[in-house]
Amino acid sequence: MDKIVIFKFGALGDIIIATPIIKTIVNYHGNVTLITQSQFLPVFENWQGLKVEVINNKSIIQNIKFLFKLKRNNYSQLYDLQSNDRSRILCMLSGIPKRVGNHRIPYTHYPKDRWTGQVHIFSRMCEVLKSAGLTNSDDTPHIPCSKKQKKKVIGWLSKNCVNSKKCILIHAGSSKSRIDKRWPFFKELASILDKKGFEIIWIGDKDDAITNANLSKRNGINATCCFSIAELTELGRLSKFAITNDSAPMHVLSASNIPIFGLFGPSNPNRNHALGQKSRIITAKNNSNNMADISVNQVISSIEKDGLIN
């Protein structure tokens, strides 16, 4: 039986974008190991048919130990969905006979066109998969939720929301290293949406704690750090729509199959938008990279076009 290994080390948004590809590989081979970083294990906690192992990238010694372990496992095929310098070196030294990746070197199977960032990263991964003879037919991220997690989310909604059928999710933050991705007018937007009867839930992790605490003083519920990745996906499924900066929660919620209005400034929306949400990309009309050039009216108009505001 073939032994298959997948490399996908990060970041979180890229991991989530890759989940339909990983699912296709699992469904085709049935005996698959995924190598990722420890902080991304929650994405895969409820998956079936996938063994997940952790790579420690903190030192050369740890990478050498990982390489020896990789060799001992005698994998017959590697799908490198990371294809950065580190993964390419590991791939080159692994001794795995069939190697699928994004570039000509060191892979045995790769797309003919050289990668220059010309398409969305999901589209490129589909091309990588196709080079190995597999076709991906699903573009919805796969983040399953357990019965226990679903029960927790339903219980939280019943306790905290007056009208759970009109809940909307807003992620107003970003990582601390990318403050330039934060739109400055969420307070004004929330005031309008609150008057229209929506229950606003402010989501995010510890990097968003101060932002969410300040915004929820006036409107909505502060749900910072209340949910795991799978639980956030379930919360999304029970919500009307979401509004986010270009961030990991934007990609998490794309697994919820709800409208997500993604606000973009300094990052490229055509390469990084949430899967299935291209029509809901919101950018400044003057092609500015400054998030402050996106108006509140522009966001409201985008939501109205989807028929989500009466």
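Accessible areas come from the Shrake-Rupley method with a 1.4 Å probe, and for residues only the protein chains shown count as cover. On that basis the protein chain exposes about 14,900 Å², with carbon and sulfur atoms supplying 48% of this area. The model is predicted: local features need pLDDT of at least 70, side-chain atom pairs count only at pLDDT 80 or more, and totals for chains, interfaces and linings use all residues. Residues are numbered from 1 along each chain as its sequence is written, and side-chain values use heavy atoms, with hydrogens and water left out.

**Overall form**

- The radius of gyration, taken over C-alpha atoms, is 20 Å for the protein chain; this agrees with the value near 19 Å for a compact globule of 310 residues (the rule is 2.2 Å times the number of residues to the power 0.38).
- Along the principal axes, the C-alpha atoms of the protein chain fill a box of roughly 60 × 45 × 35 Å.
- Of the 310 residues, 52% count as buried (under 20% relative accessible area, 1.4 Å probe, protein chains only).

**Secondary structure**

- The protein chain has 11 helices and 11 strands, which are DSSP runs numbered from the N terminus (helices: H or I, at least four residues; strands: E, at least two).

**The five-stranded sheet**

- Five strands form an open sheet in the order β3-β2-β1-β4-β5, with parallel pairing (two strands pair if DSSP finds at least two bridges between them).
- β3 (50–54) and β5 (98–100) stand at the edges with a single partner strand each, so one side of each is left without a neighbour in the sheet.
- Strand β2 (residues 32–36) runs parallel to β3 and is joined to β3 by five bridges.
- Thr 36 has Val 54 in β3 as its bridge partner.

Terms used
Buried means under 20% relative accessible area, exposed over 50%, partly exposed in between (1.4 Å probe, protein chains only).
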